Structure formats: structure tokens, C-alpha cells
Amino acid sequence: MTEQSHLRQSPTQREIVLVLDFGAQYVQLIVRRIREQNVYAEVVPCDTPIEQLLERKPAALVLSGGPSSVYEKDAPKFDPQIFHAGIPILGICYGCQLMAYTLDGKVAPGDQREFGRTELHVIEPDTLLAGVPEHTICWMSHGDRVEQPPDGFMVLAETEHSPIAAMADLDRRLCGVQFHPEVQHTPEGSLILRNFLYNVAGCSGDWRTESFIEQAVEEIRAQVGDERILCTLSGGVDSSVVAMLMDRALADQLTCMFIDHGLLRKNEAEQVCAIFGPRLGDRFKFVDASDHFLSKLEGVEDPEQKRRIIGETFIRVFEREAAKLGDFKFIAHGTLYPDVIESGSDTTATIKTHHNVGGLPDDMIFENIEPLRLLFKDEVRRVGRELGLPAEIVNRQPFPGPGLAVRIIGDVTPERLDTVREADAILREELESSGIKGLAQWFAVLSSMRSVGVMGDGRTYEHPIILRVVTTDDFMTADWADLPHELLGRISNRIVNEVRGVNRVVYDITSKPPGTIEWE
């Protein structure tokens, strides 16, 4: 994770579970599922020394999955003393194998790998697997397997190709599961995690939105002191919640600046000004920098370069505009936990650089404050409701900081922005009027390729619009939405007829993973 200054949760003020990351790409899912049980959790590097772990007084440790084999020389390093520290531990997939291997059990390549939905047979329906049906489904993703548990462990469950799919030494409060309880494809996964947290680790469950607000306000005041702070307000859920959190903590020390980078959706700038202008009064500043951003993006096609350019340009514009208003020591961002992990860490590959994480320049004059950095989107929405934000803000769909620049494949020009903006508006209008429930996010993407078409008895050679509509609970995984064909046909017909430069509409039916929700 980056070394930028940010607010962290005080480990002494609440019960905490630490998740050791061994390279699982979706390690945050484990954290999220634990927090859903009202227990606070954070990710830490797998090689964190036991002394540092003990300083945080964790209620339990969870060892994540990972792509390595425990018996290989280049397997991730960790402190083996964790198994002898008296802390309750749950090992998941690689973490289960690591527990077995370190404690003198046997781990070896399986005769057959297990990937995807697998039937689980519960042998010991007690404590960890209490309430789990004798036969259920779990999600597997492994090539190695535990063939012999360490001394003192009993086998709790098995599958066709994993004789030890779950194991436990309850006297030492050590548990391991070969499958992934954190994913939705393991129907009893939440119950199993709850059993570990409450039945094995004895957690009390003190994680609440209200307690986060109180602690965040206290920490913001302690860090900022009497200094002035600038908040980067985009009108999205995250930055809006940050603005209201900062307003509660600092009041007159706060200035919220909304910069229109020219990459917003249709009528979005006007909506943001209408909502926050009256709320913040003179502390709300609007800056139209659209021409400046577009000049910086001219000729740039690589998505990572776009993100970095936009991240740096944001900061430079903020610096320039803030200088007109006086001295500011701090700048506040709406960075979330998934933003941080997708931007890469020591154990996890970079999926995409988020403009307010990896895209920030090293020499910016502000100190960075990110009070939501350890929260997930659903937690941020709950915080927003507690802070009194209106539903149109709290329930707003995620929108990338780089805006439409990363929904245009290739060069970003005013003409191409108009094209994707109008297509996106049609998609939104039709979906909102359809009354379909359960959709999480939807948008249009403008492709860089061209295709031949026929319009008005003449040949066209223009760009296709790609429609992306997904369902998800956590935005870490997602499925494409199975929309009625009649609705898709109506959207396609409107876009082709009403949006210049488009002669074809396609629908993206890729889940995450293997794809991402955004295209760039």
C-alpha cells in the first residue's frame, strides 16, 4: 500500500481481526464479510512480525488464500510464531495449507485440482461448522491439498478430491478451510465466518457505523488541529461523505472545491452545484477546468497514463485555485479500501491505478487525509445516511474519478465525449424508467474500433457503443445483468438514431472476474 499520510483506525479503541495477505487478489472480500458480522477487520502484510501483530491486540487472525505453494522456496514469508501466540486463527485455502504445513501436517499436489462450485460433506457439525447442512456447496480454487492434518486437529469436512476440506484444533483455537467462505458462491460462508468469530474467537461485535463517525471526527480534529483543509468534492458518494464528515469535524476550517474536469456525465456539474452550493455556502467553490484537462489528455490513449495525468492535473488545479483562497495544509480525498488494493501492494498485482491513490504526484504541497480509506462502498453509504446526506447522493452509482476519460477507449476529444455522454444518458433514462430492481451499475463505453453499417441507404463506418450493466453486492465481484431483450433493443435503437457517430450497439456479458466492471 502507498505511504501517503492517512487516517487509520486506532487499534486500541475497538476489537479488531487482522487478515494476513498472502497474495489473494480479493483479500478485501474476507475483510468485508467479517465486518458484515459487526467485527472490525483490516488487511496487513503476511510478513508482519508477531510483535507488531500483538501490539494491535487482535481478537483473531485470518490467513488469506494466495497463488503460491507452501512447500516452494519462494513461498511468501511469514512469522511462524503466530501459531504459538495463543491468538485464534482461521486459515483460508493457502492459509489452511500453511497452517497444516507449518505445524507438521502434510501438504501435497492434489491428484486433481478443484476450481469452482464443489459439494462439501460435513463430518463434524460442531463449533466452526455449526448449523451448516451435512451436504452443501463451497467454492474451491486450489491445486494443492492437505493430506494429513497436524497433531491435535480433527477433520471437519471433506470433498471428493480434498479429504481435509476443513479442520480444527479447538483447544488451540486454530481452524482451517480449504474452500473460500468469503465468496457468494459458498452459500454457508457467512455462517462459517460468524461461527469462527463468535464461537471460536469469542468476538463481541462492536463495529458500527455510528462508532466510526465518532472516531473519525476525533481523529480528523487531532490531525488537522487549527490548520485549514481543502476537500476534493466531486458530488459522488465517497467525496460527498468525506465533505460532510469534514464539515462535522472542522466546520469553518473547511473549503470544498468542485472542479469540473469536463469528463462528467450529462448535466452532472449543474446537479452537484445545486446540491452542495446551498449546503456549504461560501465554503463551496466551483472551478471550470474542462479545457485544461482536455488539453492535457490530447493524444493520450493508454488508460494508466490517462489516470496518472488526471490525478496529477487535479492536484495542480487544486494547488493553483487554493492559492487564491489562502493557505491550506491538508487535502481530503474519498479514497476507499478497494481503490487502495486495486492500485497494487507488495503482495497484490496492480489492476488499475486509481487517480487518487497511485495517480497523485509525489511533490504535491498538501498533506493527504483519507478518512474512508479503510471502508467499503456499502459502509460509506451507511455513514452518508447517518450524516444526513440525501438519497440521490447516498444511492448514487460509483463513477470513476477520471470520469468519461476511462469510458472512452483511445483518444479523448470533445466530440468523443459528447458521443459517450449522450449514449450514457439514453441508457440511464431507459433503465430508470424500466423499473428493474437489483441493478448495481450501468454505463456506456465508446470503442476505438469502427464497423461498417448502413444508414439511409448509405454506407457508414463508425464506432460501436458498448453497454455495461452489472449486479453486485460488493463491487469486488460482479455479474452482468440479464436485461429483457425488448429493453436492450429499445436502448440500441435510440442510441443509433439519436447519437451521431454510432452505428452499432453491443452488450458486455462478462462477469468480474475475469473482467473488471470498468473497461479501463
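Predicted model: local features only at pLDDT ≥ 70, side-chain atom pairs only at ≥ 80, totals over all residues.

A residue here is called buried under 20% relative accessible area, exposed over 50%, and partly exposed in between, using a 1.4 Å probe and protein chains only. Residues are numbered from 1 along each chain as its sequence is written, and side-chain values use heavy atoms, with hydrogens and water left out.

**Stop one: a histidine**

Select H463. Is H463 buried or exposed? H463 has a relative accessible area of 15%, so it is buried. Colour by secondary structure and you'll find H463 in strand 17, residues 458-471. (Strands are DSSP runs of E, at least two residues; helices are runs of H or I, at least four; both are numbered from the N terminus.)

Now show polar contacts, meaning pairs of N or O atoms within 3.5 Å; within protein, one must be able to donate a hydrogen and the other to accept it, and residues adjacent in sequence count only if both atoms are side-chain atoms. Which backbone oxygens does the side chain of H463 reach? One belongs to M449, at 2.9 Å, and another to S447, at 3.3 Å.

Next, show what H463 is in contact with, that is, heavy atoms within 4.5 Å. Leaving aside neighbours within four places in sequence, the list for H463 includes R416, L446, R450, G501 and N503.

**Stop two: helix 13 against helix 14**

Select residues 414-434 (helix 13) and 485-498 (helix 14); their axes come within 10 Å and cross at roughly 150°. The axes are lines fitted to C-alpha atoms, for helices over the stretch in contact, with angles from 0 to 180 degrees between N-to-C directions. Helix 13 and helix 14 are therefore roughly antiparallel. That word covers angles over 145 degrees; under 35 is roughly parallel, 65 to 115 roughly perpendicular, and the rest oblique.

Show side chains for the contact: A423, I426, L427, E429, E430, L431 and S434 come from helix 13, and L487, R490, I491, R494, I495 and E498 from helix 14. These residues of the helix 13 and helix 14 contact divide into seven nonpolar, one polar and five charged. Ala, Val, Leu, Ile, Met, Phe, Trp, Tyr, Cys and Pro count as nonpolar, Asp, Glu, Lys and Arg as charged, and the others, Gly among them, as polar.

**Stop three: helix 6 and helix 11**

Jump to residues 237-250 (helix 6) and 377-386 (helix 11), whose axes come within 10 Å and cross at roughly 45°. Helix 6 and helix 11 are therefore oblique to each other, and helix 6 passes helix 11 in a left-handed crossing.

Most residues other than glycine have a negative phi, and most peptide bonds are trans. Pick A251, in the loop between helix 6 and strand 11 (254-260): its phi is positive, about 50°, although A251 is not a glycine. A251 is partly exposed at 34% relative accessibility.

Finish in the segment after strand 19 (502-507), where you'll find P513. The K512 to P513 peptide bond is cis, with omega near -15°. P513 and P514 are also joined by a cis peptide bond, with omega about 15°.

Notes. Left-handed = near helix turned anticlockwise from the far one by under 90°.
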